[in-house]
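Colleague: Before we discuss anything in particular, could you take me through how features of a model like this are read?

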Amino acid sequence: NIGMHYGFSWFDTNAGNSGSTGHSASASYTREVLGFNTGVGAQVSHNVASALVGYSQDGYSSNLSIAHPLWRGWHAGIGATYGKNRINGLTEGESMLQSYNATLSSPRFSVSGNYSKNYGTSLPFGGGGSLPPVIPGLIVYRGNSWGAAAGIHPQRRLQITASYSHMQYHTDNVDSITDSLSDRFEIRSEYRWRQMTFNGGCAHISQGIGALFNN
């Protein structure tokens, strides 16, 4: 199985005579190798913006996944993604992303886990606003997150899932330094009867943030 994609974007605003154009492309390939279901993919992007200053962004990423049937309906799979983004213009900057995941499943039970980390620099504004983008300095950041999930299907109509995630990030720019922490736990249940579906569950979220502002 081979897949390919190409995209083009264009944005323009009268505020500050600013605009941007972007290109993106991706390709994927999957096949069975020695009983393993394998898949690889790659993505590239290029964006150019003009405002009070001009800059360009180049990014690429790649991913790999491997799955294999075990016994009596059990399946196992692993995956990984690596990405990099570079900013060229008033200030040079780079950012990187790494993520990993694993799953183990059967017709009535499944469990999964994931871990990711990213670090680098980013521009302190987003596109699409009415004001012209100004770049006082790049934001330096780093962070990591991980999570786990499990599901059980004891009956044909009943399914119960639970998940936990943890995120921790740090940012540093010319005006402030911030640290944030977040934990989330959620459990959900779903029961199907005839043409009706009954859902229930609960979620608990805890968050913390600290900031130091430069005078």
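**Reading the chain**

Modeller: The chain has zero helices and eleven strands, where helices (H or I, at least four residues) and strands (E, at least two) are DSSP runs numbered from the N terminus. This is a predicted model, in which local features need pLDDT of at least 70 and side-chain atom pairs count only at pLDDT 80 or more, while totals for chains, interfaces and linings use all residues. Residues are numbered from 1 along each chain as its sequence is written, and side-chain values use heavy atoms, with hydrogens and water left out.

Colleague: What pattern does the chain follow when read along the sequence, and what share of its contacts join residues at least 24 apart?

Modeller: Read in order, the pattern is β-β-β-β-β-β-β-β-β-β-β. A contact means heavy atoms within 4.5 Å, and of those between residues at least 6 apart in sequence, 45% join residues at least 24 apart.

Colleague: How should I read burial and surface, and what percentage of the residues is buried?

Modeller: Buried means under 20% relative accessible area, exposed means over 50%, and partly exposed lies in between (1.4 Å probe, protein chains only). Of the 215 residues in the chain, 20% are buried. Accessible areas come from the Shrake-Rupley method with a 1.4 Å probe, and for residues only the protein chains shown count as cover; the chain exposes about 14,200 Å², of which carbon and sulfur atoms supply 59%.

Colleague: How many aromatic pairs does the structure hold?

Modeller: Rings of Phe, Tyr and Trp (its six-membered ring) pair if their centres lie within 6.5 Å, and planes under 30 degrees apart count as stacked, over 60 as edge-to-face and the rest as tilted. The structure holds three such pairs. In one of them, the rings of Trp74 and Phe109 have centres 6.4 Å apart and planes at 50°, so this pair is tilted. Trp74 lies in the loop between strand 4 (54-69) and strand 5 (75-88), whereas Phe109 belongs to strand 7 (residues 109-122), so the pair ties together parts that are 35 residues apart in sequence. Trp74 is partly exposed at 25% relative accessibility, as is Phe109 at 34%.

Colleague: Which residues form another tilted pair, with 5.4 Å centre to centre?

Modeller: Those are Trp146 and Tyr164, with 55° between the planes. Trp146 sits in strand 8 (residues 139-152) and Tyr164 in strand 9 (residues 158-172), so that this pair links distant parts of the chain, 18 residues apart. Trp146 counts as partly exposed at 39% relative accessibility, and Tyr164 likewise at 31%. Ring pairs also link Trp71, Trp74 and Phe109 into a cluster.

Colleague: Is Ser145 buried or exposed, and which side chain does a polar contact join to that of Ser145?

Modeller: A polar contact is a pair of N or O atoms within 3.5 Å; within protein, one must be able to donate a hydrogen and the other to accept it, and residues adjacent in sequence count only if both atoms are side-chain atoms. Ser145, placed in strand 8, is buried with a relative accessible area of 11%, and a polar contact of 2.8 Å joins the side chains of Ser145 and Ser116. Leaving aside residues up to four places away in sequence, Ser145 touches Asn114, Tyr115, Ser116, His166 and Met167.

Colleague: Where is Leu34 found, and what is the phi of Arg72?

Modeller: Leu34 is found in the loop between strand 2 (18-33) and strand 3 (36-50), and has a positive phi of about 55° although it is not a glycine. Arg72, in the loop between strand 4 and strand 5, has a phi near 50°, a positive value in a residue other than glycine. Leu34 is exposed with a relative accessible area of 81%, and Arg72 counts as exposed at 80% relative accessibility.
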